[in-house]
Every structure is written in structure tokens, then in C-alpha cells.
Protein chains: 2
Amino acid sequence: MSPYVQRFVMHIGEMGSRWGLNRTLGQMCGLLYVTPEPLNADEIAATLNISRSNVSMGLKELKTWRLVQPASVPGDRREYWTTPKDVWEVFRVLAEERRRREIDPTLSMLRDTLLDEPASAQDRYARERMQEMHDLVELLNNWVDEMNGLPPKTLIRLLKLGRKIKQLLDPRRSGKAPTKATRH
Amino acid sequence: MSPYVQRFVMHIGEMGSRWGLNRTLGQMCGLLYVTPEPLNADEIAATLNISRSNVSMGLKELKTWRLVQPASVPGDRREYWTTPKDVWEVFRVLAEERRRREIDPTLSMLRDTLLDEPASAQDRYARERMQEMHDLVELLNNWVDEMNGLPPKTLIRLLKLGRKIKQLLDPRRSGKAPTKATRH
DNA sequence: CAGACTTTTCAGGAATTGTTGAAATTAGAC
DNA sequence: GTCTAATTTCAACAATTCCTGAAAAGTCTG
């Protein structure tokens with residue numbers, strides 16, 4: 001591994017732990033992402049100086065993250081691995097998986113709990129807070145879904161617009177008919 | 001702690017570990033969020049069945065996350081604590097802090113590395129991948145900054161629009177700001 | 001500044017998470 | 001089917017993270 005690549009791989013490894021992966025998983029991802037050809041497990045182990053079994057377990061977990069894809073090399077029985085090379089794809093997958101792990105369980109819990117009757121003033125207060133949290137999470141979730149359905153080019157255009165989007169939105173209440181009478 | 005509140009607090013605790021906090025930190029946040037009045041450290045320790053010193057360390061870290069605010073109770077020397085009660089505020093703070101911890105360091109690393117000359121074909125390939133990653137992160141970062149500058153109401157309106165925003169983008173649709181004019 | 005009360009620090013132990021080599025399993029070639 | 005190479009599993013060990021009680025450091029009051 002050249003120093004150039006190493007700097008990147010080691011950094012991604014360090015960040016891995018902040019991203020719900022761990023150092024090794026991060027390093028594996030980083031390495032596969034910046035390596036043009038797919039690598040087999042032994043190559044990964046040798047490059048990162050970790051055991052073969054660690055690589056096996058790492059790949060297993062990375063599969064559940066959909067961050068790693070098998071590739072076969074003709075005439076070689078071993079399995080080769082790589083990551084999606086389109087960074088937008090990586091980002092999308094990462095966002096989806098993180099939502100599945102970090103948001104969805106909480107949304108379920110909130111839904112369940114909100115069905116129960118609060119039994120005291122304290123519970124009623126708690127319920128209000130939970131309702132607000134639920135509504136916010138759901139709003140964001142839906143929005144992400146909608147954005148995901150957009151063609152990438154449109155999405156990029158939107159992102160580049162940034163705050164200017166406000167101008168399209170504001171001057172004469174435009175877009176969807178406001179169902180609630182907000183203000184005149 | 002009522003079962004109603006307990007369910008919420010325990011869940012947030014479990015999720016805490018997936019959110020860069022840990023179980024205790026999560027529980028503390030959850031408890032303070034759904035409790036109407038600020039609590040002092042002893043109350044937190046007693047409610048969550050953890051040691052007083054653990055609470056002290058937890059509060060220390062939660063302060064660095066800006067998730068916890070001091071509140072003083074007249075005639076009581078002890079410090080009382082709460083979280084912001086506006087869930088949007090919590091969300092905004094959380095997003096900022098996570099970016100600071102999870103994104104910013106990587107952006108720096110990418111900038112630094114991209115200044116270096118790649119020395120081989122492999123390095124040049126790696127550089128391309130890094131450049132793309134850099135550009136994506138920067139685009140998203142800028143966009144988040146822009147959105148943060150928007151008044152909350154506008155932001156909510158945007159989020160609710162979802163994919164329909166696309167219609168506003170399309171120039172052919174109707175020259176200027178395409179108003180559907182459903183106003184009375 | 002003494003005394004009472006509160007918060008913070010920190011070294012050591014507990015718990016959790018990560019890593020490994022050896023053994024078991026799987027899959028392909030013959 | 002056997003033989004061989006590749007992969008996966010798993011129990012034990014290692015490393016890291018978390019939690020605690022005891023002690024130190026603050027802080028307010030008179």
C-alpha cells in the first residue's frame with residue numbers, strides 16, 4: 001500500500017468507529033474503495049495486516065451494510081471483493097443502512113408507545129415530547145424517500161441551489177395548495 | 001420512573017450506542033427530554049440506577065454535545081439540568097455535532113491528501129475516488145449550511161413539499177415562479 | 001476561613017467489543 | 001465419491017470502553 005493510499009485507508013479506519021463500523025471494517029471499505037481492481041480476502045488481510053479470519057468476519061458484516069460486492073476473476077477460485085465506485089451510490093447505501101439501524105427502531109418504539117394511554121401528568125408530558133419527535137422523524141424520513149426517488153441530476157441541481165430554493169417557494173405561495181390556512 | 005417513560009428512556013439508551021453516545025448518555029438524554037422539570041445529578045443517578053460520578057461524567061460529555069442545559073432552582077444550591085424541549089432544536093444540534101465529529105475530520109484529510117502528488121497509477125486512481133468523495137461531502141455540507149440558515153417554517157414547508165419541488169425547478173413549466181394560485 | 005454541601009477526577013475493576021488460530025465447513029476439480 | 005483449496009465459525013485471548021467508590025477540588029454561607 002503506497003503512503004498516499006495508506007493515509008486515506010488509515011483515516012477511514014479511524015473514522016469507522018464513529019460511523020457504526022469499527023476500525024477494521026472502515027479500513028477494508030477504504031481500501032476497496034480506492035483500489036481499482038477487486039481484491040480477495042488474502043490480499044486484504046496482507047495489505048491491512050490483519051488475520052484472514054478477521055477479514056472473513058469483516059466481509060460478512062460489510063455485506064449486511066451492502067457496502068461490498070463480490071466479483072469473480074476468471075480462472076481463480078477465490079472470491080474477489082470491491083465497493084461501489086460511484087460515491088453517490090455509496091452515500092445512498094450508507095444513508096439507507098444507517099436509517100435502518102439508527103432511526104427505524106426508534107420510530108417503531110415511538111409508534112407503539114404513542115398507542116398506549118399515558119397514566120399521569122408526567123406521562124402526558126412525555127407523550128407530547130414523543131409525538132413531536134415522532135412527527136419530526138417521520139417528516140424527515142418521507143423527505144429522504146422522496147429525494148431518493150429523484151434522478152441524481154435533479155437532486156444535484158437541488159443541492160446546488162441551496163437557499164435560493166426559497167425564492168422559488170416564497171414570493172407568491174406556490175407549489176402545493178396549502179391545506180391549512182397559515183397566514184394572509 | 002413510570003413504565004411509560006421507562007420504555008422510552010431505555011430505548012433511547014439502547015440506541016445511544018448507535019449514535020456515537022453510549023447507553024448511559026442516551027438514557028440521560030432521554031430522561032431529561034421527557035421530564036418537564038430540570039433534574040439534578042442525584043435525581044438522575046437515582047432514576048437511572050447509576051452512580052453519581054457516572055452522571056457527572058455523562059453531563060460533562062453531554063455538554064460537549066450541547067444536548068444539555070443548566071437550570072438553577074431558587075433556594076437550591078445544586079445544579080439542575082434539562083435538554084432543549086424543541087425537537088427541531090435537538091435535531092439541529094445533533095446534526096451539527098455529528099458533522100463536526102464524523103465529517104469535518106475526513107474533509108480535512110481529503111483536502112490535505114488531494115494537495116499531494118499521486119506517485120503511481122494506483123495513486124492517481126485513488127486520487128480520483130477521493131476527489132469525488134470530497135466534492136460530494138462538500139456539496140452536502142454547503143447545502144446543510146444553507147438549509148440551517150432558513151427560517152424553520154420555510155424549512156418545514158420545503159420538507160413537506162418533497163419531490164414536488166421538482167416542478168418548481170423545471171424551467172419549462174411556466175417561465176417564472178410557477179404558482180398554482182389556489183388562494184382565495 | 002470553617003464547615004457543610006456539591007461536583008469533579010481518577011485508578012482500578014467490570015463489561016463489552018475486537019482479534020486470532022485452529023478446527024469445521026463448504027465448494028470446485030478430478 | 002476423494003482430494004484440495006477457500007471460507008467460515010468459534011472459543012479463548014486482547015484491547016477498549018464503561019462504571020464505580022473514594023478522594024480531591026470547588027462553592028456557598030455565615
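Predicted model: local features only at pLDDT ≥ 70, side-chain atom pairs only at ≥ 80, totals over all residues.
Visitor: With which residue does Glu102(B) form a salt bridge, and how far apart are the closest N and O atoms?

Guide: A salt bridge is a side-chain nitrogen of Lys or Arg within 4 Å of a carboxyl oxygen of Asp or Glu. Here Glu102(B) is paired with Arg98(A), and their closest N and O atoms are 3.4 Å apart. Across the interface of chains A and B, the rule finds four salt bridges.

Visitor: How many residues of chain A are in contact with chain B?

Guide: Counting contact as heavy atoms within 4.5 Å, 75 residues of chain A meet 72 residues of chain B. The two chains bury about 6,900 Å² between them, 69% of it on carbon and sulfur atoms; buried area is the accessible area (1.4 Å probe) that two parts lose on being put together, summed over both.

Visitor: Where does α5(A) bend?

Guide: The bend at a residue is the angle between axes fitted to the seven residues ending there and the seven starting there. For α5(A), the bend is about 40° and lies at Arg100(A). Helices are DSSP runs (H or I, at least four residues), numbered from the N terminus; α5 of chain A covers residues 87–115.

Technical notes:
Residues numbered from 1 in each chain as written. Chains lettered and ligands numbered in written order. Heavy atoms only, no water. Helix = DSSP H or I, 4+ residues; strand = E, 2+ residues; numbered from the N terminus. Expected span 1.5 Å × (residues − 1).
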